[in-house]
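Here are a few notes from going through this one with you in mind. Have the sequence open alongside as you read.

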Amino acid sequence: FVEVPTQDTEPIAFHSHTGKDGSPQLSERDAFALGAGGRFLEQDTLTANFSTTSASFQDITGLSITKDIHNKRVLLLFSGCISSNADGGGAYLTFDLDGTNQGGASGMAFFQQTRAVGAGQLVAPFTMAFVTDILTGSHTFKVQLASDGTNTAYIWANSLKAAFVAIELTD
């Protein structure tokens with residue numbers, strides 16, 4: 001066991017093993033529990049449905065994180081339910097960093113609804129992840145949505161959760 005001091009007076013015991021070079025190593029599980037993989041920055045949760053008919057990327061209200069970064073990589077995660085209201089209609093998602101779309105003109109992800117005639121609107125679970133290198137300083141991360149221009153694109157939040165998370169990674 002390796003005793004790891006905490007902010008409390010009691011140490012926490014973790015399992016360790018010996019690395020190839022003979023040095024003590026924490027297990028991957030315990031290193032993750034200690035936060036050795038990074039620093040949690042923030043989680044934003046969508047509190048109301050968001051929709052757009054715009055073919056230009058729109059900031060999803062409530063999914064914006066501004067934090068000071070210390071010359072590290074940042075892992076961005078988005079999870080939610082996406083849909084469009086027309087057969088063949090598409091929805092595009094991207095991450096924005098300080099006003100710059102990280103995925104280019106078509107964003108980072110695309111959803112297209114195809115359904116049988118008379119079928120209801122399809123709502124699909126969706127996850128998107130991205131790691132970016134950025135400089136030290138304050139940065140704003142956003143999730144953005146666009147329609148293909150022929151329909152309304154949606155991110156649902158009524159009874160379905162949509163969350164945006166930023167984690168500063170260590171090397």
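Which residues touch the most other members of the largest nonpolar core?

1. Keep in mind that this is a predicted model. The core in question has 30 residues, and Ile60, Leu93, Phe141, Leu145 and Ile155 are the ones touching the most other members.

2. Take Ile155 as a worked case. Setting aside residues up to four places away in sequence, Ile155 touches Ile60, Leu93 and Leu145, along with Leu46, Asn49, Phe50, Phe78, Cys81, Ile82 and Ala162.

3. Next, have a look at Phe126, which sits in strand 12. Phe126 counts as buried because its relative accessibility is 17%, and the cut-off for buried is under 20%. Beyond four places in sequence, the contacts of Phe126 are Phe78, Ser79, Gly80, Ile82, Leu93, Ala109 and Phe110. One of these, Ala109, lies 17 residues from Phe126 in sequence, with 9.5 Å between the two C-alpha atoms.

4. Is Ser84 buried or exposed? This strand 8 residue is buried, because its relative accessible area is 0%.

Conventions. Residues numbered from 1 in each chain as written. Predicted model: local features only at pLDDT ≥ 70, side-chain atom pairs only at ≥ 80, totals over all residues. Heavy atoms only, no water. Core = buried A, V, L, I, M, F, W, Y, C linked by side-chain atoms within 4.5 Å. Buried < 20%, exposed > 50% of the residue type's maximum accessible area, 1.4 Å probe, protein only. Contact = heavy atoms within 4.5 Å. Helix = DSSP H or I, 4+ residues; strand = E, 2+ residues; numbered from the N terminus.
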